[in-house]
Amino acid sequence: MAQKKALITGVNGQDGSYLAELLLHKGYEVHGLVRRVGLEAPERRLERVVALRDQIKLHAASLENYAALYQAIAKIRPDECYHLAAASFVSYEFDDEFSTLTTNINGTHYLLASLKDLAPHCRFYFAGTSEMFGAAEASPQDESTRFRPRSIYGISKVAGFELTRNYRERYGMHASSGILFNHESPRRGFEFVTRKITSTVARILAGQSTELRLGNLEPLRDWGDARQYVEAMWRMLQQEHADDYVIATGRLHSVKQFVEIAFASVGLDWQQYVVVDQNYYRPAEKIPLCGNPAKAKRVLGWEATTDFAILVREMVAEDCRLLGLELPIIESTVS
Ligand code: GDD
């Protein structure tokens with residue numbers, strides 16, 4: 001059988017880099033789309049795929065550029081396309097609304113339209129998100145829960161989700177969406193709360209920082225392990241029929257619990273370091289975003305198994321290692 005070709009947009013992101021590793025391991029020829037600026041400063045901008053540079057083929061094309069995307073797809077003619085690239089930070093006050101909508105909606109549309117013309121057999125994965133549920137009416141959420149996005153990012157993702165479904169229904173494309181709840185790892189971006197916490201804990205331990213400024217500590221999140229979530233993406237595209245799936249743990253923890261475990265894992269008391277700062281404040285959801293992954297388990301045979309506290313401790317340990325610190329061995333009292 002011919003070697004399968006996969007194209008990953010956002011290959012240098014947390015999920016893109018783990019997915020590239022998974023697909024290489026499975027024997028795929030892996031192509032990645034990156035913005036030109038990413039290619040120009042590879043030592044800084046492509047840090048998550050540095051180790052894979054010889055094994056994956058990188059193509060420069062930004063999501064706003066239809067001609068460049070079209071040309072890249074004409075060249076690659078992928079069998080599977082994982083569309084992970086997006087402006088993905090959620091904010092309610094400082095949204096660059098126009099650019100988030102333009103990048104996320106047009107990027108998805110350009111990709112689908114190019115694939116329809118040039119590689120209609122290609123299986124397509126769209127990175128949907130729990131932010132599409134937004135101010136949800138019920139918890140937990142599943143594939144039949146109504147979308148009520150409350151951020152521009154969430155709105156852009158609902159549009160991408162609907163485009164994906166439309167191409168599936170109108171053109172018969174094998175196009176699926178994963179509705180992924182929060183997923184973390186030692187490769188998480190520093191702007192997201194989990195990595196902000198674990199990297200600051202390491203800096204405090206190293207004497208490089210004295211405090212951690214956070215917004216609201218009360219929000220609850222359904223936090224999973226990114227390495228398991230990319231496996232779910234791949235499984236979706238191996239199904240006979242395309243469909244949409246909630247990918248989640250079904251378990252909730254608060255930001256405060258994450259903080260407690262992270263500090264306790266290096267023997268520190270979080271209350272001495274955490275400062276609540278209104279600049280980072282976002283209101284908590286009235287009804288928490290918690291996924292029901294029953295369909296993924298039933299159809300894909302997929303289940304989130306990483307223990308929350310172990311994931312937190314691993315992220316702290318990795319950030320300590322990056323700073324050259326030895327982790328003290330602490331008897332855990334929090335879980
Ligand atoms: N980023 C951040 N910074 N969040 C904070 C802070 C802070 O200083 N303090 C408290 N929080 C709270 C936020 O208010 C939010 O309730 C929670 O921590 C998680 O915030 P993020 O880590 O920024 O993630 P998110 O839940 O908004 O969005 C992430 O998950 C979505 C679902 O998978 C992102 O990865 C999205 O792209 C993704 O769609």
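Tyr273 is buried in this predicted model, with a relative accessible area of 18%, and Phe263 is likewise buried at 0% (buried means under 20% relative accessible area, exposed over 50% and partly exposed in between, with a 1.4 Å probe and protein chains only). The model is a prediction in which local features need pLDDT of at least 70 and side-chain atom pairs count only at pLDDT 80 or more, whereas totals for chains, interfaces and linings use all residues. Residues are numbered from 1 along each chain as its sequence is written, and side-chain values use heavy atoms, with hydrogens and water left out.

A pair of aromatic rings is described by the distance of the centres and the angle of the planes. Rings of Phe, Tyr and Trp (its six-membered ring) are taken to pair if their centres lie within 6.5 Å; planes under 30 degrees apart count as stacked, over 60 as edge-to-face and the rest as tilted. Twelve aromatic pairs are found in a search of the whole structure. In one of them, the ring centres of Tyr229 and Trp302 are 5.3 Å apart and the planes stand at 85 degrees, so the arrangement is edge-to-face. Tyr229 belongs to helix H8 (residues 226-237) and Trp302 to the loop between helix H10 (294-300) and helix H11 (308-322), so this pair ties together parts 73 residues apart in sequence. Helices (H or I, at least four residues) and strands (E, at least two) are DSSP runs numbered from the N terminus. Both Tyr229 and Trp302 are buried. Phe263 and Tyr273 form a stacked pair, with 5.7 Å from centre to centre and 15 degrees between the planes. Phe263 lies in helix H9 (residues 255-264) and Tyr273 in the loop between H9 and strand E13 (274-276), ten residues apart. Elsewhere, ring pairs link Phe133, Phe147, Phe161 and Phe181 into a cluster.

Charged groups also sit over rings (NZ of Lys or CZ of Arg within 6 Å of the ring centre and within 35 degrees of the ring normal). The charged end of Lys196 is placed over the ring of Tyr280, 3.3 Å from its centre, and Lys295 lies over the face of Tyr245 at 4.9 Å from the ring centre.

An N or O atom in the side chain of Tyr153 is 2.6 Å from a ligand oxygen atom. For Arg221, a polar side-chain atom lies 2.7 Å from an oxygen atom of the ligand.

Key
Polar contact = N/O pair within 3.5 Å; in protein donor to acceptor, adjacent residues only side chain to side chain.
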